[in-house]
Amino acid sequence: MHVELIDLVRVGLWFIAGLISLYFSLGNARIWASISTGFLLVFVSEGYLVAPWVQNPAVVAMHAVVGTMAALAVTHGFMEYYVFSRTMEASGAKWKVYALTLAVLAGSIVFIVVNPTPTAVVTRHIRLIENACWVFFAIINLDMLRKIHAQVRDTPIGPGFIGFGVVFACIFLWRGAELYLQVYGWDEATTAIGRHLGDLAPADYPFRVALATQVNHWASVASSVALGGTFVFLTRALR
Amino acid sequence: MFTLPKGPPVFTGLPASKDPLPDLLHRLAASGLSGYVRYSFEASAAFLLFESGKLISAMVARGGGRLTGLEALTELSRRCVTEAGTIDAYKLTPDLTMAVHGLLHGESLLRGHELKLIDVKALTTQLKARRLNGCVRVYTASRSALIFYKDGAGFGFFHDGSERIETTATESQKIASLPGAKIDVFSTRPVDQLATHDMLELVNLQKVWDASVRANQARLEQLKTQAADADRLRLEGTLTRLEETLKTVANEHVGSMGKSLVTKELASRGGRACLLEPAEVAALLAGVEKGARLVAGASKVKELVGGLRGEVERHLGPGAAGSP
């Protein structure tokens, strides 16, 4: 697998954002645990790029599964915050969030292990599903954040939700661009696997491929930076 | 107010609330009292005349008005259960009792006539001729004297300031000679005719008394209810103001979410009435604190809870917010 410098930068920034997110979740209420755990999982899902076993298809597939879980966890967290902002009801325990996350992770590992070792095609499919989830959840979360912000805009953490909005806008571009490349078979994996009947050659659409690739790279970096900044703001606002 | 002659006292200054009216009157009747009982209240007085243990008349005087008979006993019962007062009882001879009856209930032969316009000698002759049984009252704005008559002849004198019945007219004549002195003449029946009935037998005084007690209890209950209603309204007003204040304080500290948190916590505890229970207030503050931590920092939340606690104690008193 070809790893570019920008990919390393992205992983490094998501590592920092993930740590800030984890630190934030430890000192705060249960509802924040889902959101911050989800963003920490984004780092985990990207971390395989720098892992020594990066060539192991099962590990690559697992990271993509973790990425999908991250999208679900974050969306679930914001949904709970939205419910809280409308009903003032907040329930549950933080340890349950962590335990459930670990359980789903374990289940995913079992799923990967009991099935045949994923081929490059299977891995690409899983990554495509992950991107599709992120794209659609990003749209849903943007709408939810708009509604949450309407409720909390005059509270000390009101601006934090604008920050999350920026994060999801960047994630939409990041994942959307990659999904676009995958859907049309212009992604690196398709090239590596070999072109199939009916695939459109990237060389025939150089501008679109280059634009989507650049958007994918820079939006991923921007989303990690925006997330780190948002959590830094929230940490200061809530302590 | 009436000046009545004072014979030997049976008792004086007895609190009107000490004995129920029927008990006291029946006790005096059983003792064979001849004389009178006077109930003195702040703005009224009652006079009960006894002759040989028979209650021959009752009168309640208030301002310019007076009630007699059953109405007087009913009014006296009512006053005994509703007002503070004192009771005096004096023994009188049957003749004096008759004269006092004349003063209180007798027919008025002369009323408010100026003495200087009257031929006193002719009047005396006239009273003797009609064999007056009753009383003559001579008075000015500040003094008064009574002259008691039986069969047209004066047999005793009493004036304000004296402690006993006198046999000479000296003081009465002095008052009669004062400028502006006036005269009243009251006539009544002989004592043997007055004592033909006993009001204690004619009137079921116990029933009258019980009715007065019940009416008073009903009145007190009504007053209590009205007071409770007033307290409830006052409290409701205080709680309404406190609820609004709590929402305002929460809004000032953590925005509209703070106000919503207070609203939700109050609603989940059955409304603003829960603010009267310190334990409920403590739970409410804990709930607001928990929710506020999702939208504000620890110092802001601490300020918010402190502010809410202070408002509860300012409106409802120290300790009303429970233990911090």
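View 1. Strand S9 (residues 144-150) of chain B and S10(B) are paired in the antiparallel sense over six bridges; two strands count as paired if DSSP finds at least two bridges between them. Helices (H or I, at least four residues) and strands (E, at least two) are DSSP runs, numbered from the N terminus. Leu146(B) stands opposite Phe158(B) of S10(B). The open sheet has five strands in the order S7-S11-S8-S9-S10 (chain B), with antiparallel pairing. Its edge strands are S7 (107-114) and S10 (153-159) of chain B, each of which pairs on one side only. From one strand to the next, the twist averages 15°. Helix H3 (residues 94-105) of chain B lies across S8 (134-139), S9, S10 and S11 (182-187) of chain B and runs at about 60° to S8(B).

This is a predicted model, in which local features need pLDDT of at least 70 and side-chain atom pairs count only at pLDDT 80 or more, whereas totals for chains, interfaces and linings use all residues. Residues are numbered from 1 along each chain as its sequence is written, while chains are lettered from A and ligands numbered from 1 in the order in which they are written.

**View 2. The six-stranded sheet of chain B.** This open sheet has the strand order S1-S6-S2-S3-S4-S5 (chain B), with antiparallel pairing. Strands S1 (9-15) and S5 (65-68) of chain B stand at the edges with a single partner strand each, so one side of each has no neighbour in the sheet. Strand S3 (residues 44-51) and strand S4 (residues 54-62) of chain B form an antiparallel pair over eight bridges, and Leu48(B) stands opposite Ala58(B) in S4(B). Helix H2 (residues 69-82) of chain B packs on the sheet and touches S2, S3, S4, S5 and S6 (85-91) of chain B; the direction of this helix makes about 65° with that of S4(B).

**View 3. Packing of helices H8(B) and H11(B).** Helix H8 (residues 205-254) and helix H11 (residues 298-316) of chain B pack at an angle of about 165°, with their axes 10 Å apart. Axes are lines fitted to C-alpha atoms, for helices over the stretch in contact, and angles run from 0 to 180 degrees between N-to-C directions. H8(B) is therefore roughly antiparallel to H11(B), a term for angles over 145 degrees. Residues making the contact include Leu242(B), Leu246(B) and Val249(B) of H8(B) and Leu304(B), Leu308(B) and Val312(B) of H11(B); two residues are in contact if their C-beta atoms, placed from the backbone, lie within 7 Å. By class, the contact has eight nonpolar, five polar and four charged residues. Ala, Val, Leu, Ile, Met, Phe, Trp, Tyr, Cys and Pro count as nonpolar, Asp, Glu, Lys and Arg as charged, and the others, Gly among them, as polar.

**View 4. The side of chain B that touches chain A.** In this interface, 15 residues of chain B are in contact with 15 residues of chain A. Helix H9 (256-268) and H11 of chain B each supply at least two residues of this side of chain B, and H9(B) gives the most, with five residues. The side of chain B that touches chain A has seven nonpolar, five polar and three charged residues. The model scores ipTM 0.73 and pTM 0.64.

Notes: Parallel < 35°, antiparallel > 145°, perpendicular 65-115°, else oblique.
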